[in-house]
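Here are my notes on the pockets of this model. Please read them beside the coordinates.

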Amino acid sequence: MLIVSDRAFMENYLIEQFKQSYDVRLLHVDDLQHVASLSRHYDTVIYSTVAAASNISHIHQLCDAMDTDTPENFIFISSYEVYGFEAYRGMTVTERDVPHPDSPYGRDLLECERHLIEWTKTHTPTSLTILRPGEVIGNDMTGRIRKMTDRIANGIYMHLPDYDGTISLIHAEDLAKTASCLRGKCGIFNINDGCMHRRREVADAIAHRLNDKRIFVLPRKSIALLKLISRMSPSIKKSLAARSYEATYDIAAMTAVTDNCFTPRDVLAYLYSKS
């Protein structure tokens with residue numbers, strides 16, 4: 001098995017999940033530019049995305065390196081961001097819904113998905129599994145959930161009444177387990193813990209994990225002022241929209257294909273269980 005990543009965050013969880021059953025080799029994304037072809041045959045290749053929006057160039061390089069010796073299984077860890085946050089506001093999102101990414105990261109990952117789908121059409125018998133997890137919780141986590149955690153830790157995060165949208169979550173260990181369960185299953189799969197987590201509940205759980213860090217509530221008068229200013233400030237308008245974003249990412253496909261081989265933990269219950 002080959003794991004391609006930037007050696008941050010998910011790599012350790014994937015190694016722990018697969019090391020008992022596979023001879024796991026690692027390849028840093030920055031080294032792909034020097035690899036003309038893979039040095040040996042790999043039954044499974046896993047690509048764990050880089051936080052910066054530069055994955056498509058790495059995917060092109062990796063596909064070129066696999067041209068002469070294709071793996072039986074390719075697992076691409078994408079993100080729910082490929083759907084976009086505005087297109088499906090207030091809706092239940094399934095894998096059949098057309099992605100409309102509205103962030104550089106989401107657009108980058110969708111381009112990767114499309115390239116891999118086209119590549120596998122001409123490189124049989126590679127089975128392509130695309131995972132679209134929500135925000136991933138774990139040690140050294142990245143992305144939006146990391147930014148929220150840092151703001152809470154630094155005492156600058158505040159609750160905004162009436163701006164309490166939902167956040168899709170999955171623990172990194174469960175994402176790695178899902179990758180194991182879905183290996184060899186061709187398709188696209190939403191991945192989360194199956195719970196509807198409110199933003200305020202998530203922030204409070206993270207604050208609890210951070211030794212009960214206090215989170216203040218912004219007064220409604222201040223919120224009214226923010227709403228007024230947002231008409232002239234696109235950045236504030238975007239921030240308020242993100243705070244109120246709601247959507248449910250359906251995981252029925254994942255559950256059906258894995259035959260309930262495991263049940264992801266409730267991430268909030270996990271956060272509260274760690275004192």
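1. Terms. A pocket is an open set of points on a 1 Å grid over the protein atoms alone, where a 1.4 Å probe fits, with protein on both sides within 12 Å along at least five of seven lines; lining residues have an atom within 4 Å of a point. Ala, Val, Leu, Ile, Met, Phe, Trp, Tyr, Cys and Pro count as nonpolar, Asp, Glu, Lys and Arg as charged, and the others, Gly among them, as polar.

2. Basis. The model is predicted: local features need pLDDT of at least 70, side-chain atom pairs count only at pLDDT 80 or more, and totals for chains, interfaces and linings use all residues. Numbering starts from 1 along each chain as its sequence is written, and side-chain values use heavy atoms, without hydrogens and water.

3. Second largest pocket. The lining has 16 residues; nearest the centre are Ile-137, Gly-138, Asn-139, Met-141 and Arg-209. H4 gives the most, 3 residues. By class, the lining divides into 7 nonpolar, 4 polar and 5 charged.

4. Largest pocket. The space here is about 1400 Å³. Of 48 lining residues, Glu-81, Glu-135, Gly-143, Arg-144 and Ile-145 are closest to the centre. Helix H8 supplies the largest share, 7 residues. The classes are 25 nonpolar, 11 polar and 12 charged.

5. Contributors. Elements with at least two residues in the largest pocket's lining include helix H3 (104–121), helix H4 (143–153) and strand E7 (135–137).

Technical notes. Grid points are joined across faces, edges and corners, and a volume is the space filled by probe spheres set on the points. Helices (H or I, at least four residues) and strands (E, at least two) are DSSP runs, numbered from the N terminus.
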